[in-house]
Amino acid sequence: QEGLYFLSASAENFKNIKKIHLDIAGRSFLIIGDNEAGKSSLIQIMLGGLDGKLIPSKPIMEGEDRATIQATIGGVINGENKTYIIDVFFSPANSRGRVVLTNEKGEVMKSPTTLIKSIIGNIGFDIFDFLKAKKQDKIDILKKLTGKVKELDIAANEIKALKENR
């Protein structure tokens with residue numbers, strides 16, 4: 001199936017996280033935790049290299065002089081298996097981060113931000129717009145985000161048939 005998935009995410013000295021590595025392997029997962037537990041930090045670790053707007057104003061852990069985040073994405077683009085490693089390096093002189101994009105051959109890609117945008121496109125959505133949307137629009141957005149349009153349509157038809165047979 002065409003598309004890219006998160007394979008892993010890592011960070012060191014990022015906000016309140018000393019060190020973390022997650023093997024995601026393209027699976028969905030749920031983030032649950034108390035306030036100030038690092039839920040937003042985890043999202044910023046995963047998506048920060050894809051969208052610089054998600055980088056916090058103070059990404060470096062207090063008491064440290066450097067921080068890094070890394071996300072590995074992979075999948076199929078135009079019928080070819082692709083893997084990209086997105087590293088973001090933070091320093092006192094560069095709190096927005098320096099982005100480095102490496103492909104599956106270990107080659108550092110030129111113009112990483114432009115290339116990332118061409119590969120990923122717009123992956124986010126405004127949660128408030130989503131909450132205000134009509135039911136069918138919400139369903140369509142969720143189908144698109146999950147990449148499971150066919151499976152969700154089949155499930156919806158099965159539910160409809162069960163209700164009619166009731």
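Modeller: The lining of the second largest pocket is made up of Gln136, Ile139, Leu142, Lys143, Leu152, Asp153, Ala155 and Ala156. The model is a predicted one, and the totals for linings use all residues. By class, five of the lining residues are nonpolar, one is polar and two are charged. The space in this pocket comes to about 160 Å³. Two helices contribute to the lining: helix H4, residues 135–146, and helix H5, residues 149–165, with at least two residues from each.

Now the strands. Five of them form an open sheet, in the order S2-S1-S3-S4-S5, and the pairing is antiparallel. The edge positions are taken by strand S2 (17–23) and S5; each has a single partner strand, so one side of each has no neighbour in the sheet. Direction ignored, neighbouring strands in this sheet are turned against each other by 15° on average. As background, strands of a sheet pair through backbone hydrogen bonds, and the pairing may be parallel or antiparallel.

Strand S1, residues 3–14, is joined to S2 by six bridges, in the antiparallel sense. Within this pair, Ala9 is found opposite Leu22 of S2. Helix H1, residues 39–47, lies across S1, S2 and S3, and runs at about 120° to S1.

Next come S3 and S4. Strand S3 covers residues 67–77 and strand S4 covers residues 80–91; the two run antiparallel and are joined by 11 bridges. One of the residue pairs is Ala67 with Phe90, the latter being its bridge partner in S4. S3 and S4 make a hairpin, with two residues between the strands. Asn78 sits in that turn and has a positive phi of about 50°.

S4 also pairs with strand S5, residues 94–103, again in the antiparallel sense, over seven bridges. Here Val88 stands opposite Val99 of S5. S4 and S5 form a hairpin too, with two residues between them.

To return to the part you asked about: the pocket draws on H4 and H5, and its lining includes Lys143 and Asp153.

Terms used:
Residues are numbered from 1 along each chain as its sequence is written. This is a predicted model: local features need pLDDT of at least 70, side-chain atom pairs count only at pLDDT 80 or more; totals for chains, interfaces and linings use all residues. Side-chain values use heavy atoms; hydrogens and water are left out. Two strands pair if DSSP finds at least two bridges between them. Helices (H or I, at least four residues) and strands (E, at least two) are DSSP runs, numbered from the N terminus. On a 1 Å grid over the protein atoms alone, a cavity is a set of points where a 1.4 Å probe fits but cannot get out, and a pocket is an open set with protein on both sides within 12 Å along at least five of seven lines; lining residues have an atom within 4 Å of a point. Grid points are joined across faces, edges and corners, and a volume is the space filled by probe spheres set on the points. Ala, Val, Leu, Ile, Met, Phe, Trp, Tyr, Cys and Pro count as nonpolar, Asp, Glu, Lys and Arg as charged, and the others, Gly among them, as polar. Axes are lines fitted to C-alpha atoms, for helices over the stretch in contact, and angles run from 0 to 180 degrees between N-to-C directions. Contact means heavy atoms within 4.5 Å.
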